[in-house]
Amino acid sequence: MSATPEARGHSLLEPGPGERARHLRSRIFTALCTASAIIVLVPLFSIVLYVVKRGLAGVSVAFFTRLPAPVGETGGGMGNAVVGTLVLIAIACAIGLPIGIGAGVYLAEVGRGRLRTVIRFTADVLGGVPSITVGVFVYSLFVVTMHRFSALAGGFALALVMIPTVTRTTEELLRLVPPHLREAALGLGVPAWRASVFIMLRTALPGIATGVMLAVARIAGETAPLIFTAFNNRYWSFSIDRPMASLPVQILTYATSPYKDWQDQAWTGALVLITLVFFLNLTARIAASRGLGGARR
Amino acid sequence: MSQVEELPVPEVTSEPAPPAPARPAPLGRPTGDRAFRGVMTLFGLTILAVPAMMVAQLVHTSKLSLAKFGLSFLTSTKWDPVHQEFGAWPFIYGTVVSSLLALVIAVPVSIGLAIFLSDLAPSRLRKPLGFLVELLAAIPSVVYGFWGIFVLVPLLRESVEPTIIKYLGSIPFFEGPPLGFGMLAAGVILAIMIVPTITSVTREVLKAVPDTHREAAIGLGATPWDTIRYAVLPSARSGIVGAIILGLNRALGETMAVTMVIGNRPKAAASILAPGYSMASVIANEFAEADSDLYLSALAEMALLLLVVALVMNLAARWLVSMTKNKMGARS
């Protein structure tokens, strides 16, 4: 296409020689972008539908209350793995939430200058560390020194996975709280730290809860950090210094086994896990869009 | 007009001011504030300490292997636990090739999707579609792998791979029998898993491009493609590169799904249809069973390698993305 001003002015009034091609190109481009949106949805629906199809038949009370059956016997469930996942999440939250939220408060309220920038960057980088590496790290830190796999080590590994998300969410939501709330509090003579905790953090809390839900949804499905920390357990266990079963590890064990019976149970496990994760995501999303996302107005 | 009202001047008394009432705390920061700041800073420093501790701990654990193999660990192709020979090359190769395959598939789709979500889709569609993409990111890795074994691998083995072999089988990259399990399966699964990452970061970057750029282009009679090509993409380019690096980073470290479909054979084959092995997979499969210190230490060195690569790539990507966003923020 020519670059002379006359030609450009001309093309605005009447279609020039390149005009038709230009519009065609644009239409092809739009179609390709739309196509990629459709392509992406195919695996999502394929996975969800397949998991529902294979897993739904196995959903029963026994699945949630029984122990895994020995090879060759039918029946049994993943009760211990369901409970184990909940315990591991609880441990991860107990360790990860104070650190994650505290660091978020540091980034938004306390930190200054270069140190804050470095810590914020580190939090992002930590979020990109492969979870298998976290597993190896926690193994060499905990399991080697304690001489056994334990739920505590597993929960610690999951905490490390969730901390970056919690930190960044907390920071972002604290930043959304209008500063005049703090100013009003300070003007009333409230000490700065009380303003931070009871005004700023309190206002941002619903939003932070949303972020925590998303972080929990992520760690609920993590397998790699657990296989050599919490390991697995065929029995009920509630002691945190012992190996503990979890849904993802149990699914992995059964999915890669040669027994049809076990594979069917793994599908049911996958269905339960996906339901849990999607439920957390959906709730968090709805809460956020309802304006519960802190001071997002 | 010239009259200026004189303000009454308060009389200055020679009396000394009454002593200020005793304050509970001195004028500096009150104790509560200082404690609060101290504790929060401690939490912040914890974030700083974790990666440092990881590197230190993994270096410590992989000491034996680092000392025995040195740099040849990276290039040696022999992985023989029985004879205590450990070389990481087949795993590095498997990780890199499967991740690059994933990028080849995922990058065009993700960028197309991000442009669709930020510029082209009707506004009613944007939110639900964005949410569906987020759900894709939320599916646990082990479920991806499970689906891969039962749906993707048979599909590849029975229809996709025979077709590829029929038309391209003479090229070394597409040689061999259609096994299903292999690099291609791993690449496809990884592609699906990294699409949400690349899409969401790209979308963020595209959103940061000021609308005035778009409006100016449209005002000149630009079509949607012209607008994106000439007004949006040039300023978003380095941010998109950052998004791609973040996606690559996710692919390199992904463990369970890859382990379940890549075939787990420690051999670097040229063909993407052949089974391979990845660094994360070999750690997942063999770490708990490593029966000698050297074996364990070789696997820990692999984890260290993954960690260092992840740290470097993340630094680069975050820097690119934040630079792009800042530049745009300053301009608008």
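From the N terminus on, chain A runs α-α-α-α-α-α-α-α-α-α-α. In total, chain A has 11 helices and zero strands. The model is predicted, and the predictor assigns the complex an ipTM of 0.88 and a pTM of 0.87.

**Overall form of chain A**

- Chain A has a radius of gyration of 26 Å, while the globule rule gives 19 Å for 297 residues, so chain A is more spread out than a compact globule.
- The C-alpha trace of chain A spans about 85 × 60 × 35 Å along its principal axes.

**Contact between the chains**

- Chain B puts 69 residues into the contact, and chain A puts in 72 residues.
- On the side of chain B that touches chain A, helix α1 (residues 31–61) of chain B gives the most, with 18 residues.
- That side of chain B is made up of 50 nonpolar, 14 polar and five charged residues.

**Two helices of chain B**

- Two packed helices are described by the angle between their axes and the distance between the axes.
- In chain B, the axes of helix α4 (residues 89–120) and helix α7 (residues 183–208) come within 6 Å and cross at roughly 40 degrees.
- Because of that angle, α4(B) is oblique to α7(B).
- The crossing of α4(B) and α7(B) is right-handed.
- Where α4(B) meets α7(B), the contact residues are 22 nonpolar, eight polar and three charged.

**Confidence**

- The average pLDDT of chain B is 88, and 90% of the residues score at least 70.
- Where pLDDT is low, the predicted coordinates should not be read in detail.

Key
Residues are numbered from 1 along each chain as its sequence is written. Chains are lettered from A and ligands numbered from 1 in the order in which they are written. This is a predicted model: local features need pLDDT of at least 70, side-chain atom pairs count only at pLDDT 80 or more; totals for chains, interfaces and linings use all residues. Axes are lines fitted to C-alpha atoms, for helices over the stretch in contact, and angles run from 0 to 180 degrees between N-to-C directions. Helices (H or I, at least four residues) and strands (E, at least two) are DSSP runs, numbered from the N terminus. Angles under 35 degrees count as roughly parallel, over 145 as roughly antiparallel, 65 to 115 as roughly perpendicular and the rest as oblique. A crossing is left-handed if the near helix is turned anticlockwise from the far one by less than a right angle, and right-handed if clockwise. Ala, Val, Leu, Ile, Met, Phe, Trp, Tyr, Cys and Pro count as nonpolar, Asp, Glu, Lys and Arg as charged, and the others, Gly among them, as polar. Two residues are in contact if their C-beta atoms, placed from the backbone, lie within 7 Å. pLDDT is the predictor's confidence in each residue, from 0 to 100. The radius of gyration is taken over C-alpha atoms; the globule rule is 2.2 Å times the number of residues to the power 0.38.
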